[in-house]
Every structure is written in C-alpha cells, then in structure tokens.
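Work through the exercises below with the sequence and the model open beside you. Each task is followed by a solution that goes step by step.

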Amino acid sequence: MIEIKNLTKSFGDLLVWRDVSLTIQDGETTAIIGRSGCGKSVLLKHLNALMYPDEGQILIDGKSVFDLSYTELRKVRQRFGILFQGGALFDSISTFENVAFPLRYFTDQSEEEISHNVNEALTMVNLKDSGSKSTAELSGGMRKRVGLARAIILKPDYLLYDEPTSGLDPRTSGEINELIVNLANTMDITSVVITHDMHSVLSISDKVAFLDEQKLSWFGKTDDMKHSDNKNLMDFITASEYQINKQTA
Amino acid sequence: MISAIKELRIAGGIREFGRYGQLLYQALRSSTEFSTYRKNLFHEFVKVGYESIPIIFLVGIFTGAVMTLQTAYQLDTDIYPSTIIGSIVVQSLIIELAAVISALVLAGKVGARMSTELGTMRVSEQIDALEAMGFNSVSFLVVPRIAAGILMFPILYITAAVFGILGGITAGAVDGILPVAEFMEGGRAFFFESDIIFGIIKSFVFGFVITSIACYKGYYAFGGAEGVGNATTRATVLSCIFVLLADFILAALLL
C-alpha cells in the first residue's frame with residue numbers, strides 16, 4: 001500500500017502542489033490526471049524518492065521512503081518498476097540487453113535463465129522478435145513496450161507509468177492500455193498511471209486522482225468521476241471527450 | 001545592481017563548487033561497489049586510453065618536431081653547443097609539454113565525450129531509470145570514468161613524451177640541423193628521473209580534473225539538447241582553465 005501524506009512541493013518560488021494526501025491500495029490501478037504542467041510526473045517521481053518533497057511523507061507498507069538510508073532506499077526501489085515517458089532505454093545496448101539489464105545486476109540467473117525471462121517479458125509486450133534490434137530502430141510505441149518489459153522483468157510489486165500513451169496513435173495507445181490491464185491482472189501489480197488521456201483512464205483505472213490548482217482537487221473511484229460536482233474535473237473530462245470525438249469524427 | 005549581480009554569481013559559484021564536492025564525495029564512497037562498475041571500468045579504459053592513442057601520437061610527434069625546429073632557430077649561434085637543443089626539447093617535453101598539451105587535447109576528446117554522454121543520459125531520463133531500478137548511478141557512471149582518467153592519463157602522458165622525443169629526433173635529422181647522436185647526447189645530459197615522476201603526478205592530477213569536471217557537468221545537465229551542449233562547452237572550458245591552474249600550482253609546489 002502507498003500512502004501519500006500531506007505532500008507539498010515547490011521549485012524555488014514556484015509552488016507545484018500543496019498538501020496532497022491519498023492512499024493507493026494494493027492491487028489497484030490509480031490514474032493521476034490533470035492539465036499539462038500541473039506536476040503529475042513530479043508526484044510520480046516522489047513515490048520511489050527520485051524527488052524529495054518540501055513537506056510530507058510517503059509510506060510504502062508503513063515505512064517512510066524519505067527517511068530511508070540510500071542502501072535501504074535502493075532495496076525499496078527494486079520493488080518498483082517504472083515506465084518513463086520516452087522509455088528511457090539505454091541507447092548503447094540492444095533491446096534484449098535493456099530488458100536483461102536488471103537481471104544481470106540484481107540476480108544470479110544463468111545466461112539461459114536470463115534469455116528465457118527476457119524473451120518471456122518481450123512476448124508479454126508483443127515484441128517477441130525484437131530482442132536483437134538496437135534502440136534506435138524502435139518506434140515510439142515499441143520503445144514504451146520495451147521500457148515496460150524492462151520495468152516488469154524483476155516482477156515488481158508496484159508499477160509506475162509516466163504518460164504511457166502520449167504521442168502514440170489510437171491503435172497503439174489501445175494496445176498499451178490492454179497491456180496495462182493484463183499486467184495488473186496477471187501479475188497482481190499495484191499500478192499508478194500518469195496521463196491526461198481520458199480514454200486511457202476509463203479503460204485501465206480503478207481510481208482517479210485529479211491534480212488542479214496546485215492541490216489534489218478530486219480523488220475517488222473511476223465510476224464516480226462522471227457524477228462528480230467538481231467543476232474543473234468535469235471541464236477536464238468534457239474537453240477530453242471533445243478531443244476524442246474530434247479525432248474519431 | 002552590478003554588485004547584486006556579482007553577489008549572485010559568487011553565490012552560484014559557491015553552490016556549484018559545493019555540488020561538485022558532494023558528487024566527488026558520493027563517488028569516493030561508492031568506489032567500494034566494484035561489482036557495479038567493473039564492466040564500465042574496462043569499457044572506459046578502452047575509451048579513454050586505447051582510443052586516445054592515435055591523437056596522442058599526433059600531438060607528441062608534432063609537438064616534439066616543432067619544438068626542435070623552433071629551438072634550433074632561436075639558438076642559431078656559435079655560443080651554445082648544438083646538443084643543447086636535445087636537452088631543451090627532451091626536458092620541456094617531459095616536464096611540461098607532453099602532460100599539458102595532451103591534457104588540453106584530451107579535455108576536448110575525453111572530457112567532451114563524458115559530459116555529452118552523461119548529459120544525454122540525464123535529459124533522456126536514463127539516469128533516473130538507473131536510480132529507479134535501484135542502481136547507484138554515481139557508482140555506475142561516474143566512478144569508472146574518473147578512475148579511467150586517473151589511471152590512463154599517466155600512460156598517455158608517457159606515450160606523448162616518447163613520441164614527442166621521436167618527433168624531435170626525426171625533425172632534427174630530416175631538417176639536417178641536428179644529427180640523432182647529438183640530440184640523444186643533449187637529451188641524456190639533462191635527463192632526471194624525478195622529472196618523469198613530476199610529469200606523471202601532473203598527468204594524474206589532470207586526468208582527475210578533466211574527468212571529474214566532465215562528469216559533474218554531464219551528470220547535472222538539464223534543458224534538453226541545448227542544455228547538453230551548454231554542459232559540454234562549460235565542461236571543456238572549465239577543464240582547460242583548471243588544468244592550467246593545476247599546472248601552475250604543481251610547478252610552484254614541486255619544482
């Protein structure tokens with residue numbers, strides 16, 4: 001379980017958000033939505049202490065990540081998988097080696113076991129025959145899927161997605177959404193998804209957190225979102241639906 | 001207004017120096033995690049050492065050759081014996097030129113590569129990805145680069161000095177101003193082993209200065225492609241300045 005308690009973050013004089021509190025239950029998929037620049041990715045990077053807040057705490061199974069020593073923190077981070085916006089693949093090594101990377105450093109697996117596990121992960125993300133490709137040969141969608149394969153290779157408890165469908169065509173976005181749902185179901189992973197793609201939110205998330213006006217403006221079940229009396233949230237949903245309708249028209 | 005800008009710059013400089021020191025401290029602490037950076041260390045040995053030999057060969061040959069021709073031109077009188085040319089060239093190369101000119105060239109080749117690599121990794125979130133996986137990114141990326149600089153620069157210095165002397169001998173012989181035997185005689189007359197040790201100490205320090213500044217600038221780069229470009233430019237300029245400063249301090253302390 002991830003508990004975010006009274007988190008406040010600013011960069012110099014610029015306040016990102018104040019007093020954000022929410023709880024992410026085990027096995028749930030929570031989408032964090034909001035306008036561009038509202039600090040969604042910043043919040044995501046606090047979950048595994050890639051960034052530190054000005055105030056507040058994040059508890060992972062009751063332990064504050066910001067109070068851990070660096071050695072302890074690294075162990076906690078190994079329980080997280082994270083898919084970065086651009087994939088963040090290591091461009092000096094092949095697709096296969098990118099996925100194998102955590103296994104080589106954090107496990108004692110033999111070369112055969114590594115090969116088997118990497119191929120299994122690549123198959124899960126529908127990239128069975130792409131292991132030998134260099135990262136430069138991969139399309140945007142493929143990069144995200146390789147990033148996802150790398151994120152799940154150590155079978156993490158938590159999976160963080162930073163804009164998993166941004167910049168992708170609707171069909172590839174749909175495939176990524178399907179993957180997120182499948183992974184959550186088959187691997188029993190707790191997922192946090194940063195997105196402003198409402199189509200994605202509706203198809204993958206159990207709960208939604210809406211960041212707006214430098215605070216957590218709304219948090220609740222996805223099904224309850226459309227009946228909310230939060231005007232800004234409704235405007236956000238309406239604007240997104242208008243965009244979707246415009247694209248499909 | 002001007003004094004406020006000056007104060008801001010001084011504060012910025014102190015903050016930057018503090019962050020540089022912090023990175024070095026982190027690197028020193030994580031240097032015990034040999035298994036994390038072992039593979040990268042050998043990779044860096046090849047990149048810093050082996051792949052720099054061609055440019056160091058050229059630097060050495062031409063520095064020695066030009067030095068010989070210019071010294072011969074300046075001492076073109078009957079007052080000094082011609083062997084003095086060999087003495088001046090050999091000692092200048094060993095004490096100063098082989099180390100400093102190599103360092104300045106390597107600040108461009110090795111330092112720029114390191115800051116660009118790390119800067120690109122930073123802005124494309126590859127360093128975040130390493131940290132998020134549970135890696136110590138300083139141990140993985142910074143330690144092997146600085147270690148390779150410290151260990152390889154002395155070897156490159158010796159290479160530059162040897163090829164510099166060969167360049168000097170060749171230029172003297174081909175130009176007909178100094179036979180090989182006289183060059184060697186002059187070189188041997190003022191050859192002190194302590195000069196080589198001084199040169200090695202210098203190159204060791206230069207290796208540290210160049211790689212640590214490059215890693216610092218790259219590791220903390222921000223702002224996309226332009227940010228990486230700025231980081232690389234600053235790393236190269238700062239490396240050159242601090243190499244010259246270190247050269248002066250070492251000469252004042254050790255000679």
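**Exercise 1. State which residues form the aromatic cluster that contains F90(A), and classify its pair Y105(A) and F135(B).**

Solution. The cluster is made up of F90(A), F101(A), Y105(A), F106(A), F135(B) and F140(B). This is a predicted model, in which local features need pLDDT of at least 70 and side-chain atom pairs count only at pLDDT 80 or more, whereas totals for chains, interfaces and linings use all residues. Residues are numbered from 1 along each chain as its sequence is written, chains are lettered from A in the order in which they are written, and side-chain values use heavy atoms, with hydrogens and water left out.

Rings of Phe, Tyr and Trp (its six-membered ring) pair if their centres lie within 6.5 Å, and planes under 30 degrees apart count as stacked, over 60 as edge-to-face and the rest as tilted. Over all chains there are 18 aromatic pairs. For Y105(A) and F135(B) the centres are 5.0 Å apart and the planes stand at 75 degrees, so the pair is edge-to-face. The pair crosses between chains, with Y105(A) in helix α3 (residues 95-106) of chain A and F135(B) in the loop between α5 and α6 (137-175) of chain B; helices are DSSP runs (H or I, at least four residues) and strands likewise (E, at least two), numbered from the N terminus.

**Exercise 2. Decide whether Y105(A) and F135(B) are buried, partly exposed or exposed.**

Solution. Buried means under 20% relative accessible area, exposed over 50%, and partly exposed in between (1.4 Å probe, protein chains only). Y105(A), at 24%, is therefore partly exposed, while F135(B), at 2%, is buried.

**Exercise 3. Classify the pair F34(B) and Y37(B), and describe the setting of its two residues.**

Solution. The ring centres of F34(B) and Y37(B) lie 5.5 Å apart with planes at 85 degrees, so this pair is edge-to-face. Both residues belong to helix α2 (residues 34-49) of chain B, where being 3 residues apart separates them by about one helical turn. F34(B) counts as partly exposed at 41% relative accessibility, whereas Y37(B) is buried at 7%.

**Exercise 4. Find which charged residues sit over the rings of F90(A) and Y219(B).**

Solution. A charge sits over a ring if NZ of Lys or CZ of Arg is within 6 Å of the ring centre and within 35 degrees of the ring normal. R150(A) lies over the face of F90(A), 4.7 Å from the ring centre. In chain B, the charged end of R122(B) is placed over the ring of Y219(B), at 4.7 Å from its centre.
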